[in-house]
Amino acid sequence: MFKKILIANRGEIACRVIKTAKKMNIKTVAVFSDADRYSEHVRLADDAVHLGGSSASESYLRSDLIIKACKEKNCDALHPGYGFLSENADFVGDLNKAGIIFIGPSKSAIASMGDKIESKKIAKSANVNTVPGHIGIIKDKNEAIKISEEIGYPVMIKASAGGGGKGMRIAFSKDEVSDSFERAESEALNSFGDKRIFIEKFITEPRHIEIQILADNYGNIVYLGERECSIQRRNQKVIEEAPSPFLDEQTRKKMGDQATQLSRKVCYSSTGTVEFIVDKEKNFYFLEMNTRLQVEHPVTELITGIDLVEQMINIAYGKKLNITQKDVKLKGSAIEIRIYAENPYKNFLPSIGRLTKYNPPKEKKYPDGSIIRNDTGVREGDEVSMFYDPMIAKLCSWGETRDVSIKRMESALDNFLLEGIDHNIPFLSAILASKRFKSADLSTSFIQNEYKDGFKGIIPNNQEEWTLGTIILAYHITEILKDFESLEGFSEEWQVHINYKSLVSKTSKLNFKIKKQVGDKIQLLIQPITSKKISGVANEYLIFDIQKDFIKKLVTASIRLFSDSNNEVSFPEKIQCRINYQNPSLDLIYRGISMSTTVLPRHIAEHHKYMKPIKIVDKSNYLTCPMPGKLIRVLVKENDIVDEGQPLCVVEAMKMENTLTASKKCMVNKINHKEGTTLSVDQIIMEFIFK
């Protein structure tokens, strides 16, 4: 077996490969850029080599420096992870010349499948179902428009060398093709150094389902079931699960057989993924083949019990597969969610900064057999920079059934503490809680359909609102009293003012009465004063038990419902939420619900309306940079009159291009920065005059 391998990657995937290498008693060498000097993957590896500057082009894409590091450290082999050079055929060729084994497929397999245009042709020749489209290089946007109109809208514009959602756009009209072609071409060039674009028919409401394959160097190929990857935003996967809740065994076998046919056609070895789009009638079409380890590989490992990184290493070393198709058994259900440094309330703008708090749920197996796994590449105190993908962690759950896996994931997200940067945990929790997700009614347009105007946060229903309002009041009272002995003279009537920090205009005023119940144990009862009873029981009270975890900043509330007749009524399970308390204000966050509240005695609350509102500074005459990034394109000139929604400039951050538009009709008075300028958050790019 290999004695030492170099991992030509960073972040969570580098940490993931190191984990298996340690299990196999293989020494590891990490590589790092200036920005990653103190990163987790560097700490975990047995040795490390500095490559260069912070940008990928100065470090992780420098094949010459990586090969030099392999030689200096006497590495037998190299694992590429995913992204960067993982699907670069020329890099594999250079490794071969240097006598370094590439832990992945052959140069020819990568070249044929990594080129999306060539792969379509090969798939067709292997009798694999393909999507209608133009299989050829498109020279400019005028040709793109012509081809799109021949195929029929909508169309998918894709980078030939693409992957990970980069260089991909959907266009529904001639104007959208014109803009999308240029954006896709630019992203493709920046991400892959290859701007070739092709176009194919976009199938509406499809599912994205992929087949994981394993192949050795002796012609043995197996498929390890499928992964459902339909929850996507901007063609970037957000939530994946295995197996797909949509496929039946017959369709699974057909897809697996075609994936195997394609793999055999290109003499494939190592792990790989054949991706398909699947329509409502379970017709499936080849999308692309990823000749590398996938981001979402953990869910396959959880339902099969097979370590894919270990298999890759064994295959590269020359071992035969010790698995046959009959050995592959899919057990239970696994879900992976991608935690990103981005603000879901602001159109998912990337976020950078220091992780002042990072306390994920512990990886463990629970008494019911369910599992939590967290693949991450950061620790508390690390800096999230603008140079790389914004993924912080891949949180995974496994359960005997899909429902169990979802519940375990919901609880894990409740326990995930992440501060110092914006993150998408509220958005992920909202998706998991949605009826459509729980019923497995999925498609690649799920997020677009469910959040047509962007993610605004969740507004709770009547019962949820009263329950959370009760928790807020209970927390407030316990903080003031510390114990219930001093309740005498304490106000019995309270009002909780709620403002939803969800960009949805909604406020509530909830009125409560409290009383002390004396028995074996002194308890505090809270009575919601409302015409709509929470349970339908007359004179109902809520009795609560509050537990506070100050390390995770987590509040666990157990609530039971009582009536005057002392009959206990069933009520929700334990609720875990986060509360930030600054008397009399409390902020509560719970599964996509964000509440900013004020708790006041009723006699004081009556005067609350006379409080002066906070003055809001008008910044509408400025275009400010919403995230740190590089100004790569200015689309207007000074004194131009622009319309509402018109593109003004393009800012690149974390390998994605973001087009900033005009909020209303105005004149561009001043442009403060030139193309190529690196901008900080809230830096003023342009100034306007409103006519």
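**Strands and rings**

Guide: In strand S23 (residues 391-399), Trp398 is the bridge partner of Ile371. Please bear in mind that this is a predicted model.

Visitor: How many bridges are there between S21 and S23, then?
Guide: Six bridges pair S21 with S23, and the pairing is antiparallel.

Visitor: Is strand S21 mostly covered or mostly uncovered?
Guide: Strand S21, residues 371-376, is mostly covered, with five of its six residues buried.

Visitor: And which way do S20 and S21 run?
Guide: S20 (residues 364-365) and S21 run antiparallel, joined by two bridges. Within this pairing, Lys364 has Ile372 in S21 as its bridge partner.

Visitor: What lies between S20 and S21?
Guide: Five residues lie between them, and the two strands form a hairpin. In the turn, Gly369 has a positive phi of about 95 degrees.

Visitor: New topic: how many aromatic pairs are there?
Guide: The count comes to 13 aromatic pairs. One of them is formed by Phe387 and Tyr388, whose ring centres are 6.2 Å apart. The planes of these two rings stand at 55 degrees, so the pair is tilted.

Visitor: Why does that angle make it tilted?
Guide: Planes under 30 degrees apart count as stacked and those over 60 as edge-to-face, with the rest tilted; the 55 degrees of Phe387 and Tyr388 therefore give a tilted pair.

Visitor: Which residues form an aromatic cluster?
Guide: One aromatic cluster consists of Tyr345, Phe348, Phe427, Tyr451 and Phe455.

Visitor: Which charged residue sits over the ring of Phe246?
Guide: That is Lys282, whose charged end is 5.3 Å from the centre of the Phe246 ring. In another such arrangement, Arg408 lies over the face of Tyr366, 3.6 Å from the ring centre.

Visitor: Back to strands. What is the order in the open sheet of five?
Guide: The order is S3-S2-S1-S4-S5, and the pairing is parallel. Strand S3 (47-52) and strand S5 (101-102) stand at the edges, each with a single partner strand, so one side of each has no neighbour in the sheet.

Visitor: How many bridges join S1 to S4?
Guide: Three bridges join S1 (residues 4-7) to S4 (residues 77-79), and these strands run parallel.

Visitor: Which residue in S4 is opposite Ile5?
Guide: Ile5 stands opposite Ala77 in S4.

Definitions and conventions. Residues numbered from 1 in each chain as written. Predicted model: local features only at pLDDT ≥ 70, side-chain atom pairs only at ≥ 80, totals over all residues. Heavy atoms only, no water. Buried < 20%, exposed > 50% of the residue type's maximum accessible area, 1.4 Å probe, protein only. Helix = DSSP H or I, 4+ residues; strand = E, 2+ residues; numbered from the N terminus. Pairing = 2+ DSSP bridges. Phe/Tyr/Trp six-rings, centres within 6.5 Å; stacked < 30°, edge-to-face > 60°. Lys NZ or Arg CZ within 6 Å of the ring centre and 35° of its normal.
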